Amino acid sequence: PPNIEWQRADLGVTTLAQVLDQRQVTVTTAEGLMPYFTFTDIERIAHYACESLASGGLFVCDVGWGQSLRDQPDDSVAFINRQAGSFLGLFESIDHIRDMFSSAGYAEVTVLYPSKFIPMPEVLQPVIDGELIVAARKA
(Lines give C-alpha, C1' and ligand atoms only; values in the text may rest on other atoms or scores of the structure.)
Protein backbone atom coordinates (compact mmCIF):
# COMPACT_ATOMS: atom_id res chain seq x y z
CA PRO A 1 0.00 0.00 0.00
CA PRO A 2 1.17 3.55 -0.66
CA ASN A 3 0.94 4.52 3.03
CA ILE A 4 3.56 1.94 4.09
CA GLU A 5 7.24 2.52 3.54
CA TRP A 6 10.08 0.17 4.54
CA GLN A 7 13.41 1.70 5.53
CA ARG A 8 16.59 -0.15 6.35
CA ALA A 9 19.35 1.16 8.59
CA ASP A 10 21.89 0.23 11.23
CA LEU A 11 20.37 2.04 14.20
CA GLY A 12 23.62 1.60 16.09
CA VAL A 13 25.21 4.01 13.60
CA THR A 14 22.34 6.11 12.23
CA THR A 15 19.50 7.68 14.20
CA LEU A 16 15.95 6.97 13.11
CA ALA A 17 15.42 10.71 12.55
CA GLN A 18 18.20 10.62 9.95
CA VAL A 19 16.69 7.60 8.22
CA LEU A 20 13.27 9.28 8.14
CA ASP A 21 14.77 12.61 7.05
CA GLN A 22 13.21 14.26 10.14
CA ARG A 23 9.65 13.19 9.17
CA GLN A 24 7.20 12.25 11.94
CA VAL A 25 5.53 8.86 11.48
CA THR A 26 2.52 7.17 13.09
CA VAL A 27 3.96 3.66 13.59
CA THR A 28 7.48 2.29 13.89
CA THR A 29 8.39 -1.35 14.48
CA ALA A 30 11.57 -3.16 15.50
CA GLU A 31 11.13 -6.87 14.88
CA GLY A 32 13.52 -9.39 16.40
CA LEU A 33 15.96 -6.64 17.28
CA MET A 34 15.81 -5.55 20.91
CA PRO A 35 16.84 -8.73 22.77
CA TYR A 36 20.31 -8.54 21.19
CA PHE A 37 21.03 -5.10 22.68
CA THR A 38 21.96 -4.09 26.21
CA PHE A 39 19.34 -2.30 28.33
CA THR A 40 21.14 1.01 27.71
CA ASP A 41 20.92 0.51 23.96
CA ILE A 42 17.29 -0.66 24.12
CA GLU A 43 16.31 2.53 25.93
CA ARG A 44 18.30 4.66 23.47
CA ILE A 45 16.68 3.00 20.44
CA ALA A 46 13.22 3.36 22.02
CA HIS A 47 13.94 7.04 22.72
CA TYR A 48 15.01 7.69 19.12
CA ALA A 49 11.90 5.91 17.87
CA CYS A 50 9.77 8.08 20.16
CA GLU A 51 11.38 11.27 18.84
CA SER A 52 10.39 10.24 15.31
CA LEU A 53 6.74 9.54 16.14
CA ALA A 54 3.91 11.98 15.64
CA SER A 55 1.71 12.68 18.67
CA GLY A 56 -0.25 9.51 19.48
CA GLY A 57 2.17 7.42 17.39
CA LEU A 58 3.00 3.84 18.29
CA PHE A 59 6.32 1.99 18.59
CA VAL A 60 5.95 -1.81 18.53
CA CYS A 61 8.83 -4.14 19.29
CA ASP A 62 9.68 -7.42 20.94
CA VAL A 63 11.87 -7.67 24.05
CA GLY A 64 13.58 -10.66 25.63
CA TRP A 65 11.77 -12.23 28.58
CA GLY A 66 14.32 -13.83 30.91
CA GLN A 67 11.83 -15.52 33.22
CA SER A 68 10.41 -17.66 30.42
CA LEU A 69 13.77 -18.61 28.94
CA ARG A 70 15.19 -19.56 32.33
CA ASP A 71 12.30 -21.99 32.87
CA GLN A 72 13.20 -23.94 29.72
CA PRO A 73 15.57 -26.92 29.50
CA ASP A 74 19.17 -25.83 28.96
CA ASP A 75 19.34 -27.54 25.57
CA SER A 76 16.44 -25.51 24.14
CA VAL A 77 18.00 -22.19 25.24
CA ALA A 78 21.38 -23.33 23.90
CA PHE A 79 19.68 -24.08 20.56
CA ILE A 80 18.21 -20.56 20.44
CA ASN A 81 21.60 -19.02 21.27
CA ARG A 82 23.34 -21.09 18.58
CA GLN A 83 20.79 -20.04 15.97
CA ALA A 84 20.48 -16.37 16.83
CA GLY A 85 23.31 -15.33 19.15
CA SER A 86 23.18 -14.42 22.81
CA PHE A 87 20.49 -12.17 24.21
CA LEU A 88 22.02 -9.20 26.01
CA GLY A 89 18.80 -7.53 27.17
CA LEU A 90 16.57 -10.04 28.96
CA PHE A 91 13.95 -8.37 31.13
CA GLU A 92 13.01 -9.88 34.47
CA SER A 93 9.86 -7.90 35.23
CA ILE A 94 7.01 -6.19 33.41
CA ASP A 95 7.61 -3.12 35.60
CA HIS A 96 11.19 -2.88 34.30
CA ILE A 97 9.89 -2.90 30.72
CA ARG A 98 7.27 -0.25 31.45
CA ASP A 99 9.73 1.93 33.38
CA MET A 100 12.33 1.77 30.62
CA PHE A 101 9.91 2.69 27.84
CA SER A 102 8.36 5.42 29.99
CA SER A 103 11.86 6.84 30.57
CA ALA A 104 12.38 6.75 26.80
CA GLY A 105 9.45 9.17 26.44
CA TYR A 106 6.30 7.07 26.04
CA ALA A 107 3.05 8.01 27.77
CA GLU A 108 1.48 4.55 27.56
CA VAL A 109 3.24 1.17 27.54
CA THR A 110 1.40 -2.11 26.96
CA VAL A 111 3.20 -5.45 27.31
CA LEU A 112 1.68 -8.55 25.67
CA TYR A 113 2.48 -12.25 25.97
CA PRO A 114 2.31 -13.79 22.47
CA SER A 115 0.85 -17.04 23.84
CA LYS A 116 -2.12 -15.12 25.25
CA PHE A 117 -3.36 -13.63 21.97
CA ILE A 118 -2.12 -15.91 19.19
CA PRO A 119 -4.50 -18.85 18.61
CA MET A 120 -2.54 -22.08 18.44
CA PRO A 121 -5.05 -24.95 18.22
CA GLU A 122 -2.60 -27.31 16.51
CA VAL A 123 0.28 -26.80 18.97
CA LEU A 124 0.67 -29.73 21.33
CA GLN A 125 2.72 -27.95 23.96
CA PRO A 126 2.68 -24.36 25.21
CA VAL A 127 4.55 -21.78 23.22
CA ILE A 128 7.58 -20.33 25.01
CA ASP A 129 7.09 -16.62 25.66
CA GLY A 130 10.82 -16.00 25.23
CA GLU A 131 9.99 -12.57 23.91
CA LEU A 132 7.19 -10.20 24.81
CA ILE A 133 5.53 -7.65 22.55
CA VAL A 134 5.73 -4.01 23.64
CA ALA A 135 3.34 -1.41 22.24
CA ALA A 136 4.47 2.04 23.40
CA ARG A 137 2.39 5.11 22.58
CA LYS A 138 3.71 8.67 22.44
CA ALA A 139 1.58 11.34 24.13
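The legends below accompany several close-up views of one predicted model of a protein.

**Figure 1**
Of the 139 residues of the protein, 32% count as buried. The protein exposes about 8600 Å² of surface, and carbon and sulfur atoms supply 54% of this area. Among the contacts between residues at least 6 apart in sequence, 79% join residues that are at least 24 apart.

**Figure 2. The salt bridge between Arg44 and Asp41 in helix α2.**
The structure holds one salt bridge, in which the side chains of Arg44 and Asp41 meet with a nitrogen-to-oxygen distance of 3.1 Å. Where do the two partners, Arg44 and Asp41, sit relative to each other? Both belong to helix α2, which covers residues 39–51, and because they are three residues apart in this helix they are separated by about one helical turn. Arg44 counts as partly exposed, at 27% relative accessibility, and Asp41 is likewise partly exposed, with a relative accessible area of 22%.

**Figure 3. The crossing of helices α2 and α5.**
Helix α5 is made of residues 94–103, and its axis comes within 8 Å of the axis of α2, the two axes crossing at roughly 50°. An angle counts as roughly parallel under 35 degrees and as roughly perpendicular from 65 to 115, so α2 and α5 are described as oblique to each other. The crossing of α2 and α5 is right-handed. In this view, Phe39, Ile42, Glu43 and Ala46 on the α2 side meet His96, Met100, Phe101 and Ser103 on the α5 side.

**Figure 4. Asp21 and Gln22 in the loop between α1 and β1.**
Asp21 is found in the loop that joins α1 (16–19) to β1 (25–30), and Gln22 has its place in the loop between α1 and β1 as well.

**Figure 5. Ser52 in the loop between α2 and β2.**
Ser52 lies in the loop between α2 and β2, the strand that spans 53–65. Is Ser52 buried or exposed? With a relative accessible area of 2%, Ser52 is buried, because a residue counts as buried when this value is under 20%. Leaving out residues up to four places away in sequence, Ser52 touches Leu16, Ala17, Leu20, Arg23, Gln24 and Val25.

**Figure 6. Arg8 and Leu11 in the segment before α1.**
Arg8 is placed in the segment before α1, and Leu11 is placed in the segment before α1 too. Arg8 counts as exposed, at 83% relative accessibility, whereas Leu11 is partly exposed, with a relative accessible area of 25%. The C-alpha atoms of Arg8 and Val19 are separated by 8.0 Å, and these two residues are 11 residues apart along the chain. For Leu11 and Tyr48, which are 37 residues apart along the chain, the C-alpha atoms are separated by 9.2 Å. When residues up to four places away in sequence are not counted, Leu11 touches Leu16, Arg44 and Ile45; of these, Arg44 is also a partner in the salt bridge with Asp41.

Ile133 is found in strand β5, which covers residues 131–137, and it is partly exposed, with a relative accessible area of 24%. Which residues is Ile133 in contact with, leaving aside its neighbours within four places in sequence? Its contacts are Val60, Cys61, Asp62, Thr110, Val111, Leu112, Pro114 and Phe117. The C-alpha atoms of Ile133 and Glu31 are separated by 9.5 Å, and these two residues are 102 residues apart along the chain.

Technical notes: Residues numbered from 1 in each chain as written. Predicted model: local features only at pLDDT ≥ 70, side-chain atom pairs only at ≥ 80, totals over all residues. Heavy atoms only, no water. Buried < 20%, exposed > 50% of the residue type's maximum accessible area, 1.4 Å probe, protein only. Contact = heavy atoms within 4.5 Å. Areas by Shrake-Rupley, 256 points an atom, 1.4 Å probe, with all protein chains shown as cover. Salt bridge = Lys/Arg side-chain N within 4 Å of Asp/Glu carboxyl O. Helix = DSSP H or I, 4+ residues; strand = E, 2+ residues; numbered from the N terminus. Axes fitted to C-alpha atoms, helices over the stretch in contact; angles between N-to-C directions. Parallel < 35°, antiparallel > 145°, perpendicular 65-115°, else oblique. Left-handed = near helix turned anticlockwise from the far one by under 90°.
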